[in-house]
Amino acid sequence: MSAKQTLLRTLPVDLDPARLPKHVAVIMDGNGRWAQGRGLPRIVGHQRGVDALKDLLRCCDDWGIEALTAYAFSTENWGRPLEEVDFLMTLFERVLRQQLREMMEENVRIRFVGNLETLPPSLRAEIDRAMEETVHNTGIQFTVATNYGGRQEIVEACRAIAEQVKRGELDPAAIDRELFARHLYTVELDDPDLLIRTSGEMRISNFLLWQVAYAELYVTDTLWPEFDREAFRQALLSYQQRDRRFGKVASR
Ligand code: IPE
Ligand code: IPE
Ligand code: MG
């Protein structure tokens, strides 16, 4: 490994290792605009977006962040032109197949959240295989939100809870926040500490509606394919300057 690579692998000196977010979530936005700005088809932006995600995963691992959740495809993204949707589904499948060995070597545990049932069967098969093969990995927890919608997730949780009540297995008085959260797709994950959105849009776009209740939000104008370690360092610096009060009074 070159000296420069070693340097990039270590946590930048201006970041406090004791105050890093445990769980970072990212809305990877701006692939289309990145491509269009270069006179390229939108799909080239998606291809480059995959490289940015691979780099960020590795960076989180190098810098000691325990969990990364990335928004790859929303329940609303089906409304895009058919060829873009088809391209994305094929891209996800190909990347997953190509990356599985590396994720095993790097001890990554991968999960997918969203309505996985309606994805193309060949993509589902790769998803199942990747989740099964990495289930015992103890390194970074990498979650990919695919065909994910926060409202859909909440509706599905309500339905599952209502079924239990109907069968007489659950007293409505026992439904509390903890029980509800156990019915979400993210049951095995703590809530994100930091939510990053690229490309300057100041919105959540139906991502992790329940889970971001107290996440720190960070929006950058950088388009997703250009979101690199330096851009991530800036996001973490901003995070480390926040006072997370959780509704209480200032902690410092
Ligand atoms: C994000 O980039 C990727 C997906 C939603 C799949 P976009 O494709 O939304 O890029 P813009 O927002 O059109 O630039
Ligand atoms: C959010 O980006 C979804 C993903 C990043 C997968 P969009 O580009 O779909 O969101 P809007 O349309 O700008 O709200
Ligand atoms: Mg977009």
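Colleague: How far is an oxygen atom of ligand 2 from an N or O atom in the side chain of Asn77?

Modeller: The distance is 2.9 Å. That is a polar contact, meaning a pair of N or O atoms within 3.5 Å; within protein, one must be able to donate a hydrogen and the other to accept it, and residues adjacent in sequence count only if both atoms are side-chain atoms. Before we go on, this is a predicted model, where local features need pLDDT of at least 70, side-chain atom pairs count only at pLDDT 80 or more, and totals for chains, interfaces and linings use all residues. Residues are numbered from 1 along each chain as its sequence is written, chains are lettered from A and ligands numbered from 1 in the order in which they are written, and side-chain values use heavy atoms, with hydrogens and water left out.

Colleague: Noted. Which polar side-chain atoms of arginines lie by an oxygen atom of ligand 2?

Modeller: One belongs to Arg80, at 3.2 Å. Another belongs to Arg197, at 3.3 Å. On its own, ligand 2 exposes 390 Å², and the protein buries 79% of that. Those areas come from the Shrake-Rupley method with a 1.4 Å probe; for residues, only the protein chains shown count as cover.

Colleague: Which residues surround ligand 2?

Modeller: Ile27, Met28, Asp29, Tyr71, Ala72, Phe73, Asn77, Arg80, Arg197, Arg203 and Ser205. The rule is one heavy atom within 4 Å of the molecule. Strand β2 (residues 67-74) gives the most to that shell, with 3 residues. Helices (H or I, at least four residues) and strands (E, at least two) are DSSP runs, numbered from the N terminus.

Colleague: And ligand 1, what is around that?

Modeller: Its shell is Met28, Asp29, Gly30, Asn31, Gly32, Arg33, Arg42, His46, Ala72, Asn77, Arg80 and Leu88. Both α2 (31-36) and α3 (42-63) supply at least two residues each. The most comes from α2, with 3 residues.

Colleague: Which polar backbone atoms lie by an oxygen atom of ligand 1?

Modeller: Gly30 has one at 3.4 Å. Asn31 has one at 3.1 Å. There is a side-chain contact too: an N or O atom of Arg80 is 2.7 Å from an oxygen atom of ligand 1.

Colleague: Which backbone oxygen does its side chain reach?

Modeller: The one of Asp190, at 2.8 Å. Leaving aside neighbours within four places in sequence, the contacts of His23 include Ala67, Leu68, Thr69, Leu189 and Pro192. Contact means heavy atoms within 4.5 Å.

Colleague: Another histidine, then. What joins the side chains of Gln164 and His183?

Modeller: A polar contact of 2.9 Å. Gln164 lies in helix α6 (residues 150-166). Not counting residues up to four places away in sequence, Gln164 also touches Glu169 and Leu170.

Colleague: Where is Thr134?

Modeller: In the loop between α5 (121-133) and β4 (141-148). Thr134 is buried, since its relative accessible area is 0%. Beyond four places in sequence, Thr134 is in contact with Leu100, Met104, Val108, Arg109 and Ile110.

Colleague: Now backbone angles. What is the phi of Asn107?

Modeller: About 65 degrees, positive although Asn107 is not a glycine. Most residues other than glycine have a negative phi. Asn107 lies in the loop between α4 (82-105) and β3 (109-113). With a relative accessible area of 27%, Asn107 is partly exposed.

Colleague: And what is phi for Leu208?

Modeller: Near 45 degrees, again a positive value in a residue other than glycine. Leu208 lies in the loop between β5 (194-197) and β6 (216-219). At 2% relative accessibility, Leu208 is buried.

Colleague: Last one: is Leu209 buried or partly exposed?

Modeller: Leu209 is partly exposed, because its relative accessibility is 35%. Leu209 is found in the loop between β5 and β6.

Technical notes
Buried < 20%, exposed > 50% of the residue type's maximum accessible area, 1.4 Å probe, protein only.
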